[in-house]
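Hello,

Here is the structure I promised to pass on to you. Have a look at it first, and then read on for what turned up.

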Amino acid sequence: METIIKPENIVYGKPRLINNNPMHYCPGCSHGVVHNLVASVIDEMGLAEKTIGIAPVGCAVFAYKYLDIDWIEAAHGRAPAVATAVKRLNPDKMVFTYQGDGDLAAIGTGETIHACNRGENIVIVYVNNAIYGMTGGQMSPTTLVDMKTATCPYGRNVALNGYPLKITELLVPLEGTCLVAREAVHNVAAIKKAKKMLRKAFENAMAGKGTSIIEFVATCSAGWKMSAGQANNWMVENLFPAYPLGVLKDRV
Amino acid sequence: MRQGFTCLLNNSMAEIKLLKGNEAIAHAAIRYGADGYFGYPITPQSEIMETLMDEQPWETTGMVVLQAESEVAAINMVYGGAACGKRVLTSSSSPGISLKQEGISYLAGTELPALIVNVMRGGPGLGTIQPSQADYFQAVKGGGHGDYRVITLAPASVQEMADYVALGFDLAFKYRNPAMILADGVIGQLMEKVELAPQKLRRTEAEIRKECPWAALGRPAGRQPNIHTSLELDSTVWEQYNIRFQAKYKAIEANEVRYEELYCDDAGYLIVAFGAAARISQKVVEIARKEGIKVGLFRPITLWPYPSKRLNSYKNKVKSILTVELNAGQMVEDVKLAVDCQIPVTYFGRMGGIIPTPQEVYNALKKIVNP
């Protein structure tokens, strides 16, 4: 065994910018993989010393504990406003927000739409798992109809709660957005594809082409009360039809 | 044009102008070398952003000026800029300042320097666009959640509107704490002669990195990440943060108290007032002195830290104190605390945007002189 573990034999490693802090994410959660992609893209583009991340309130509230870059923790939903100022005051820097569906599509709807409409040269990494994970599994704006959560225990009822909000689609017609895409990280092929899209988004921001938003349709195994495997399958069968993967807009 | 050192600076000399208080804030911010302003229109302070947009400082000093989609977005832009070590400010009036309170609490919790200007109007609710001082409690007692303090400066002239931009920034950066200019609609709209300071250069990124080693400007190899957060799930750790914040507030209380005294040396009575109420009271003191009433005007300039110690020294010298406020009587509580309730402290004021005449205040003074 010892003879096999040599640097030249390692085919998969931790991105350089991901540190050794134990992650708080639940087994089967997509955040770890998305963190990996963000860290890899920043490092591969040589932006580690120029990047400022804006962390959300939600499950990724501790994103700053895992990626060794400068971070600003925003108030709930306000990351795009924070990022707007950071980028405008430091136009040579790489600025991105990392937000969940509650943060971006509920409390932060206004900041999201206006930052995109102004065409801020930032990247919005949007992780949509259709639930509030951090607070214990409540209904989010993207919770599916009839999906059960702690605050819709009998299933989301449109008469009471309205419809799942496809906020990413709402950002497509805005003149300020240059790249709007929906990805997932449920298998190796999807991860590779998502990484390419994320890199393109980061390149757009550095080239001053406008706002790029990459949505990751994601799992919340704990919130959905499923095993990691079940959660992946449930996402493919239920979330993908409601939130179809693909490039919604690419103006670049 | 960035960072301001090669640009055309036609403001290199001090200059005397006739300006509204709101306009003075805008000019002073540019001349101080502020990096950014983020705001949302609201009466009676919209001239601040209008003047900035008219001056186009992004063409000269490189200052960013942005009209945000809301007061909430504006204060969070300020939070982002402050986290980068930039000199950033926002301005609003009472209802808009209420919206900013969450962001101000975050600034305090992350110990970030920023300047907030409140040109107060009458409340509660949407209230009126006329002048008021009814946000005194909100400003000096911590308007958002948590145990925190905001350095609060109360200008009583257009000159002080300009001067306190520099003072506010200086104090905010000295203590890594939000500072507020708490003006009222009178001082915001009043036109007076003002001397504007010569243009200062905006700091370069290298200078900011040196002066503010905590700034989130990108992590050079070898340095730990700079992380700005006010989240700590371990209460034993967060209590230590709070203890540190309180120690800082004590230091500010010890070092930064500012006030003005007029005719106080031989005074038998004292009027305590700030902002526009102090301007009216100054007239009242002059009238009363002519009538032989030995009254002085004590004007707190820092509303927090409050000049309590100095006021306390008057409790054995004056018979009685009158506070004059454009509200229902807010600062009067701090005056009573300052003199340990050992002499009578009376309040007079008008509410809802009404400005009292000197005659009304004089009548109130007469009542405490001849009860």
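Two strands count as paired if DSSP finds at least two bridges between them. With that in hand, take strand β6 (residues 151-153) and strand β7 (residues 178-184) of chain B: three bridges join them, and the two run parallel. Within this pair, Leu153(B) has Ile181(B) of β7(B) opposite it. Please keep in mind that this is a predicted model.

Both strands belong to an open sheet in chain B, where seven strands with mixed pairing follow the order β3-β2-β4-β5-β7-β6-β13. Its edges are β3 (64-67) and β13 (302-304) of chain B; each has a single partner strand, so one side of each has no neighbour in the sheet. From one strand to the next, the twist averages 20°.

Helix α4 (residues 94-109) of chain B covers β4 (88-92), β5 (114-120) and β7 of chain B, and runs at about 160° to β5(B).

Now for the place where the two chains meet through helices. How do helix α2 (residues 79-89) of chain A and helix α3 (residues 71-83) of chain B cross? Their axes come within 7 Å and cross at roughly 50°. Among the residues making the contact are Val82(A), Val86(A) and Leu89(A) from α2(A), and Ala73(B), Met77(B) and Tyr79(B) from α3(B). The residues of this contact divide into nine nonpolar, four polar and no charged.

Enjoy exploring!

Note on methods: Residues are numbered from 1 along each chain as its sequence is written. Chains are lettered from A and ligands numbered from 1 in the order in which they are written. This is a predicted model: local features need pLDDT of at least 70, side-chain atom pairs count only at pLDDT 80 or more; totals for chains, interfaces and linings use all residues. Axes are lines fitted to C-alpha atoms, for helices over the stretch in contact, and angles run from 0 to 180 degrees between N-to-C directions. Helices (H or I, at least four residues) and strands (E, at least two) are DSSP runs, numbered from the N terminus. Two residues are in contact if their C-beta atoms, placed from the backbone, lie within 7 Å. Ala, Val, Leu, Ile, Met, Phe, Trp, Tyr, Cys and Pro count as nonpolar, Asp, Glu, Lys and Arg as charged, and the others, Gly among them, as polar.
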